[in-house]
Every structure is written in structure tokens, then in C-alpha cells.
Amino acid sequence: MATKKYPVVWLQGAGCTGCSVSVLNAVSPKFRNLLLDELVPGQQLNLIFHATIMAGQGEPVIEVLKDTEKNRKGGYILIVEGAVPTAENGNYGSIGEKDGRHLTIQQSVEEMGKDALLVIALGTCATFGGIPSARPNPTLCKGVKAIFNEKGIETAVVNIPGCPTHPDWFVGTISAVLFSGVDALELDDLARPKLFYGSLIHENCPRRADFDKGKFAEKLGDPGCLYKLGCKGHYTYADCPLRQWNNGLNWCVKAGSPCLGCVEPEFPDGTSPMYEKITFEELK
Amino acid sequence: MSTKIKIDPITRIEGHLAIEAVIDDGVVKEAKSAGTLFRGFEIILQGRDPRDANRITQRICGVCPTAHATASALCLDDAFGLTDRIPDNGKLLRYLILGANFLQSHILHFYHLAALDYVDAVSAVGDLSPFIPRYEGDYRVSGQANAELVNHYIKALDIRRKCQEMLSIFGGKMPHSIGIVPGGVTEKPTEDKITNFLWRLNEIRDFIDNIYIPDIITVAKVYGDYFTIGKGCRRMIAYGGFDLPTGKLFKPAVVSPDLKPESLVEENITEDVKYSWYADSDSGKNPAEGQTKPQLDKEQAYSFLKSPRYKAQVCELGPLARMVSNYVQRDIKVKELVDSLLGQFDAGVDVLFSVLGRHAARALEAKFVADAMVDWLQDLKPNESCIVENEIPETADGAGLSEAPRGSVGHWISIKDKKIERYQVITPTAWNASPKDDKDQPGAIEQAIIGTKVRDKDNPFELVRIVRAFDPCLACSVHLLDAGANELGVFRVV
């Protein structure tokens with residue numbers, strides 16, 4: 001049976017490329033497998049546009065976008081990394097020149113989003129606005145879903161936040177979609193897959209026993225629960241303590257840093273000062 | 001007859017960049033380098049807890065976040081009065097973390113950002129995205145040698161991942177590590193972690209010695225003309241960095257085109273804005289004083305980047321600048337590495353100022369850093385403290401100058417009422433990819449392009465090879481705008 005290939009268009013908006021770099025850190029499958037092999041039996045991704053990876057540049061790669069939009073309606077996956085700047089008609093961010101004019105991030109997300117099979121908002125910038133949308137939000141950055149809501153674009157959006165996102169969250173979500181279809185994906189009320197964002201950091205934290213015993217770190221580098229040093233793990237939904245990062249070697253709290261709450265829509269304004277205790281009630 | 005070549009987007013770099021070149025009789029007469037994304041980090045930082053700058057500025061760039069973590073920690077150490085109190089363990093861990101980031105960034109740069117300009121991936125893997133579309137024509141490596149380079153592209157994906165994993169042992173996670181903070185590092189070295197780190201490092205060193213550097217030589221042998229293409233301004237700056245208990249790994253200097261080093265005086269750095277979307281009243285000021293008032297209807301402006309200059313002169317930053325700086329200051333190891341490479345080509349130091357020179361300097365620097373990291377690991381004192389407590393001062397100023405994979409980086413802070421009043425970042429790409437200055441001198445990348453012979457204007461390999469050899473990082477550079485200037489106004493899109 002022929003392999004079914006899903007063209008993937010990966011757009012980078014107001015972001016830092018950190019989510020791409022994080023996906024490069026995928027372990028099993030490795031990034032090479034994502035590029036070259038069937039991800040699940042009979043189905044494969046085909047990365048036709050990614051500004052950091054692709055060989056081409058200039059006009060020919062903009063043609064790839066035009067061709068996809070015109071000829072592959074409903075057949076491609078759109079991944080958006082980075083927020084969408086909307087101030088000044090989107091002119092704070094351009095991904096290239098199209099027909100003699102700047103192709104703004106906002107325009108490309110809307111054009112490519114409306115006819116995609118599925119949109120994945122990757123990382124906290126693309127999902128909720130993230131760092132570039134932090135107070136006073138100089139370029140009026142927004143997440144993909146907010147843009148779609150405003151413009152009446154109805155394509156399904158799955159949010160995979162994180163600053164950056166974890167490679168497993170991305171690969172796992174894609175796998176679930178290929179195996180069982182997007183409708184089978186169980187999402188929370190923020191459109192995040194419950195598979196990865198289903199439990200609190202605090203529930204699974206190795207320092208939880210310290211919290212229960214009232215043993216708190218008073219300064220960075222101390223043992224004990226990091227609650228008093230601003231840990232946001234008690235209202236942050238992610239599986240970092242179980243999965244850990246970088247091939248399961250370490251993660252923020254294990255390395256002595258309070259959780260920043262980087263997968264939550266309140267990040268970074270609601271979750272900062274980052275080293276100050278902020279209760280759930282104070283969050284909003 | 002002149003023709004204009006516009007490449008927008010320039011891909012396989014970090015961020016959003018466009019290049020325009022005017023070609024006359026096949027030779028570039030004019031060049032423009034323009035950043036096309038603006039986020040406004042300094043505005044966002046205003047009014048926040050100073051310690052948060054260390055977390056937020058990392059998010060400027062996901063490829064080299066650790067460089068911003070380091071520069072911001074040094075900047076906050078300075079403002080908090082901690083600089084002389086950082087435990088040796090803390091310094092060593094900081095630079096093991098930063099060193100790991102250098103290795104991942106350099107390996108990623110050569111194999112995954114630059115190599116597809118030289119290596120014919122399509123002949124090895126077929127007509128497959130993302131390897132098509134591409135420029136066609138000038139691929140000079142063939143057969144077995146080419147297939148091997150393509151295999152190394154794949155292998156390097158694993159090695160760069162392993163650099164990140166090594167980093168996370170002391171840095172917590174990557175990208176956006178959490179280990180480096182004002183006062184030191186949150187992790188603690190234990191014997192098992194040191195050994196774990198060491199053996200990951202040994203695998204990476206093996207790759208650098210036996211694959212990365214030999215591959216650079218393979219490419220250089222068939223693309224020998226690129227030792228003369230992309231010469232650039234030849235004036236180099238390194239702020240210096242990796243300030244270890246045993247001294248600085250990278251020596252600070254400004255090196256003149258005739259290879260004379262002079263000491264770097266921070267006050268001599270100024271920023272011009274004649275061709276940037278900022279008010280002219282601001283031009284020529286030191287970053288510690290400069291305001292950044294956007295003026296977006298400026299007729300001649302074409303970039304969001306300002307033009308940093310040293311004594312009003314154009315300078316290049318990066319691995320080449322650092323290697324040259326250490327070389328002319330007679331660093332024994334760097335001299336050995338550089339001379340041995342030049343010996344293989346029977347060439348003098350002059351050829352370093354070129355496309356291939358920049359790639360070679362980056363590879364040699366990877367070896368220089370990786371080998372030194374072995375010593376730092378051995379200097380760690382297991383289980384001993386890596387951090388001192390900090391307290392936010394009511395009012396203070398601070399500066400943190402360091403080295404990032406792509407060149408020197410500086411962070412500056414002013415604290416008032418325990419909050420950030422002003423924060424400023426100047427990155428290496430801001431220097432390298434800068435537009436023309438007030439004296440109409442083109443920026444470093446622009447100068448490297450001007451005068452280049454372009455053989456095929458439909459496949460202008462020369463231009464993209466020159467630009468990518470600088471390893472530009474646009475996310476790092478186009479975040480300018482001073483905290484004091486909240487009004488953005490309207491700008492003209494070119």
C-alpha cells in the first residue's frame with residue numbers, strides 16, 4: 001500500500017525558533033524519522049515549508065505556499081510557531097515577499113489556516129501569545145485561535161503550548177491524529193491534549209513530599225519545595241515531572257528552579273514575578 | 001545594465017531576514033540587509049522584577065538562549081553587587097552550560113543551516129522536501145564524498161541533540177535552560193553528573209575532531225574560491241568571555257585590518273540610525289545613553305536594526321573575530337589550531353577573512369571550547385555550593401558583556417524602585433547585519449557582499465553562502481527599542 005503523505009507547512013511568527021529547536025531534540029522517533037520515514041505505519045509527514053530547515057529561499061519557497069494554498073485545500077497540516085503580530089496591519093512581522101509585497105505573519109496564518117486539514121499552534125506564543133504579547137504587548141501579538149475566532153476561520157486548532165514545547169508533546173499529538181483522527185483527540189478547555197496537559201505539575205512533583213511536610217526552600221539552591229520561591233507548579237498542567245526534558249535527563253524543578261508556568265495562558269504576566277509566590281486566586 | 005536580486009526570505013538562519021543586491025556587469029554594487037520582524041523586548045521588560053530579565057531575555061532566541069542567560073546573569077550580578085562573590089563552582093557550571101550551547105549551535109549551523117549550499121542532498125535522498133526547491137547548479141562534491149556529507153547531516157542531528165542533553169544535566173532543560181541565574185547556578189555538581197557530562201562531551205569531541213573539522217576541510221578543498229569570497233570589513237571585535245577562575249577563554253580586543261589588537265573600551269561603541277526606522281536625533285550615541293525613538297516614515301530607512309560602530313568604524317563579530325583576537329594575542333592553543341589548518345592549504349592568515357574562513361573558525365572554536373570544557377569539569381568541587389543569595393537593590397545600574405555562539409553580546413540594566421527602569425541588549429547580529437551608518441558605510445554583511453561576482457542571478461549561491469557564513473540570528477537582533485519609548489507609530493514597509 002502506498003504511503004499517505006501529509007504536506008506540512010511550518011510558519012514562524014513572532015517567536016524565537018525555540019520550539020523548532022526543541023522538536024529537533026525529539027528522541028524516539030528522532031527528527032530524522034520525522035523528516036524521512038513513516039511516522040506511523042502507512043502515514044508520513046512531508047515537511048514542505050520550514051524556514052530554518054528547508055533548502056530553498058526567496059521566491060521559490062513563497063511559491064510553495066501559494067501552490068499549497070491553491071492546490072492542496074483540506075489536505076495539509078499547518079504548524080504555527082510564534083505569535084501573530086496584529087498591530088499596524090500585521091506589518092511588524094513578515095515571512096517573505098509575495099507578489100512584490102511583504103507577506104505578513106498574520107496574512108500567511110489566515111491564508112494558510114483557512115484551508116488546512118488541521119492547525120497546530122506550537123508553543124505558548126502561537127497558542128496564547130506568550131512572551132511577545134506580554135505587557136504592554138507592543139506589537140499586539142495574539143495566538144492562532146484568537147485570530148481564527150476574529151476572522152471566522154473554522155479549521156480545527158490543537159494547542160501545544162510550552163516555552164518551548166516538549167518534543168514528545170508535539171510528536172505524540174501528531175501520532176494521535178494520524179492513528180485515530182483529530183476528533184479522537186481529547187482536549188481540555190484550552191484545546192490542549194489531555195494526554196500531556198492532563199495533570200498538575202504539583203501532583204507528580206518529586207518535591208511534593210517536602211510540600212506536604214512543610215519543608216520549603218528559602219533560597220535558590222536549597223533542597224525542599226520551591227513554592228515560596230515562586231514555583232507555579234500548583235496550577236500548571238503538564239507532565240514535566242513524569243516525562244522530564246532532553247531525553248528524560250532533567251527538568252526545571254529537579255534542577256532547582258521554580259516552575260514558570262510556561263504552558264499556561266497567563267504566562268508570563270500572570271505568573272510573574274517569577275520568583276514570587278503567586279496563589280491560584282491571585283493569578284488572573 | 002543593473003539588475004536587482006531580492007532574496008526574501010533568507011532561510012536556514014535564525015529569524016526573519018531579507019537581502020537585496022544591485023548587480024552591475026555581474027558584480028554586486030550595492031547591498032541591503034534588512035530585519036523583518038520586531039517584538040519589542042526592552043519595552044516588555046520595563047517595570048518588571050529585575051530577576052525576571054534573566055528568564056525573559058533567554059526567550060529572545062531559542063538557538064542561543066544560554067548566551068542571553070549568561071549575559072543577563074552577569075548584568076544582574078553587576079547590578080546586585082555579586083560579581084566578586086560568585087563561587088568558582090557557579091562560574092564553572094555557567095560556562096559548561098554555555099559551552100554546551102556553543103557546541104550545539106556551531107554543529108547545527110554548519111550541517112543544518114549552511115551545508116545544503118555545498119552538499120547535494122537531492123542526489124543522495126531524492127527529490128524530497130525540505131531538500132527541494134533549492135538553488136540549482138553549483139554543487140561540487142559528488143559520489144561517495146557527497147553521500148558521506150549527507151550522512152553527516154543526519155548524524156549531526158543526533159550529535160546536536162546530545163549537546164542539548166549534556167547541557168540539561170546542569171542547565172535543567174534546553175532550549176530555555178533554567179540553571180543560570182543571578183548569583184550562580186541552581187544545580188549542584190555531583191560525581192555522577194560530572195562523569196555523565198564528561199562522557200557525553202567525549203562523544204561530541206570525537207565528532208568534532210573526526211567528522212566536523214575534516215568535513216570543513218573536504219568542503220574547503222572543492223570550494224577553494226570561497227577563501228577569497230566574502231572578505232568583509234576585516235575589523236574584528238570580541239568582548240571576551242568565559243570568565244573562569246583560571247582566566248578568560250576568549251580574550252577581549254578590537255583587531256584592526258592589519259591584525260593589530262587594541263584594548264576594547266566600551267564607551268567607544270555607538271549606534272547610528274540614519275538608515276534605521278528611528279529618529280535621527282538619536283544617532284551616534286553610546287548604548288548606555290541612547291534613546292530609541294521609532295520614526296517609521298523615514299524615507300531612506302530600510303531596517304529595524306541600528307548600526308553599532310566602534311570609533312565610527314564597521315566591525316565584524318563572531319567565531320572568526322574571537323579566533324583572530326586570540327590568535328593575534330598569541331593564545332597558544334588557538335595559534336596551533338589555526339596554523340595547522342592554514343598549513344593544510346598552504347595559506348596565510350589573510351584567507352580567514354572569507355566565507356570558508358568563517359566556517360573554519362567556527363569549527364576550530366568548537367574544538368577549542370570542547371577541549372577546554374574537559375578541564376572545567378575536573379575543576380568542579382563535587383557537592384559544593386554554586387550560588388550566593390541575592391537581594392534586589394533599590395537603585396542600581398549593571399552591565400553584562402559576554403560571548404554568544406554568533407559573537408559578542410551585551411546586556412545593560414537600570415533598576416529603580418527595585419524594578420527594571422531600562423534594559424538594553426546589543427547582539428552580534430546587530431553589528432554584522434546592520435544597515436549603512438551615518439557616514440554611509442555599509443554594515444559587515446553588506447560589505448562582504450559588495451564586490452562579489454554573481455555567476456547566475458537566478459541561482460545566486462554566492463550571496464546566500466556569504467550571508468549564512470555569518471550565522472545571522474535575527475530574533476536576537478530585531479528586538480531593539482528602548483524601554484522609554486512606548487509609542488511605536490507607523491512605519492513604511494519596503
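These legends describe close-up views of a predicted two-chain model.

Residues are numbered from 1 along each chain as its sequence is written, and chains are lettered from A, with ligands numbered from 1, in the order in which they are written. In this predicted model, local features need pLDDT of at least 70 and side-chain atom pairs count only at pLDDT 80 or more, while totals for chains, interfaces and linings use all residues.

**View 1. Overall build of chain A.** Chain A has 11 helices and 10 strands. Helices (H or I, at least four residues) and strands (E, at least two) are DSSP runs, numbered from the N terminus. The radius of gyration of chain A is 20 Å, close to the 19 Å that the globule rule gives for 284 residues, so chain A is as compact as a globular protein of that length. That radius is taken over C-alpha atoms, and the globule rule is 2.2 Å times the number of residues to the power 0.38. Along the principal axes, the C-alpha atoms of chain A fill a box of roughly 60 × 50 × 30 Å.

**View 2. The six-stranded sheet of chain A.** The order in this open sheet is β2-β3-β1-β4-β8-β10 (chain A), and the pairing is mixed. Two strands pair if DSSP finds at least two bridges between them. From one strand to the next, the twist averages 30°. Strands β4 (residues 77–81) and β8 (residues 118–122) of chain A run parallel and are joined by five bridges. A:Glu81 has A:Leu122 in β8(A) as its bridge partner.

**View 3. Helices on the sheet of chain A.** Helix α6 (residues 144–151) of chain A lies across β4, β8 and β10 of chain A, at about 155° to β10(A). Helix α7 (residues 167–180) of chain A also packs on the sheet and touches β2, β3 (43–50), β8 and β10 of chain A. The direction of α7 makes about 80° with that of β2(A). Axes are lines fitted to C-alpha atoms, for helices over the stretch in contact, and angles run from 0 to 180 degrees between N-to-C directions. Two residues are in contact if their C-beta atoms, placed from the backbone, lie within 7 Å.

**View 4. Helices α6 and α7 of chain B.** The axes of α6 (residues 143–171) and α7 (residues 191–222) of chain B come within 10 Å and cross at roughly 155°. That makes α6(B) roughly antiparallel to α7(B). Angles under 35 degrees count as roughly parallel, over 145 as roughly antiparallel, 65 to 115 as roughly perpendicular and the rest as oblique. The crossing of α6(B) and α7(B) is left-handed: the near helix is turned anticlockwise from the far one by less than a right angle, whereas clockwise would be right-handed. Residues in the contact include B:Leu149 and B:Ile159 of α6(B), and B:Phe197 and B:Phe207 of α7(B). By class, this contact has 11 nonpolar, three polar and six charged residues. Ala, Val, Leu, Ile, Met, Phe, Trp, Tyr, Cys and Pro count as nonpolar, Asp, Glu, Lys and Arg as charged, and the others, Gly among them, as polar.

**View 5. Helices α3 and α4 of chain B.** Helix α3 (residues 65–80) and helix α4 (residues 88–114) of chain B pack at about 150°, with their axes 8 Å apart. That makes α3(B) roughly antiparallel to α4(B). Their crossing is left-handed. B:Thr66, B:Ala67 and B:Thr70 in α3(B) meet B:Arg94, B:Ile97, B:Leu98 and B:Asn101 in α4(B). The contact has three nonpolar, three polar and one charged residues.

**View 6. Where chain B touches chain A.** The contact takes 66 residues from chain B and 64 residues from chain A. On the chain B side, β1 (2–7), α1 (41–45), α2 (52–56) and α6 each give two or more residues. α6(B) gives the most, with eight residues. The chain B side divides into 33 nonpolar, 15 polar and 18 charged residues.

**View 7. Backbone details.** Most residues other than glycine have a negative phi, and most peptide bonds are trans. A cis peptide bond joins B:Asp8 and B:Pro9, with omega about 10°. B:Pro9 sits in the loop between β1 and β2 (17–24) of chain B. Another cis bond joins B:Met174 and B:Pro175, with omega about 0°. A:Asn247 has a positive phi, near 65°, and lies in the segment after α11 (240–243) of chain A.
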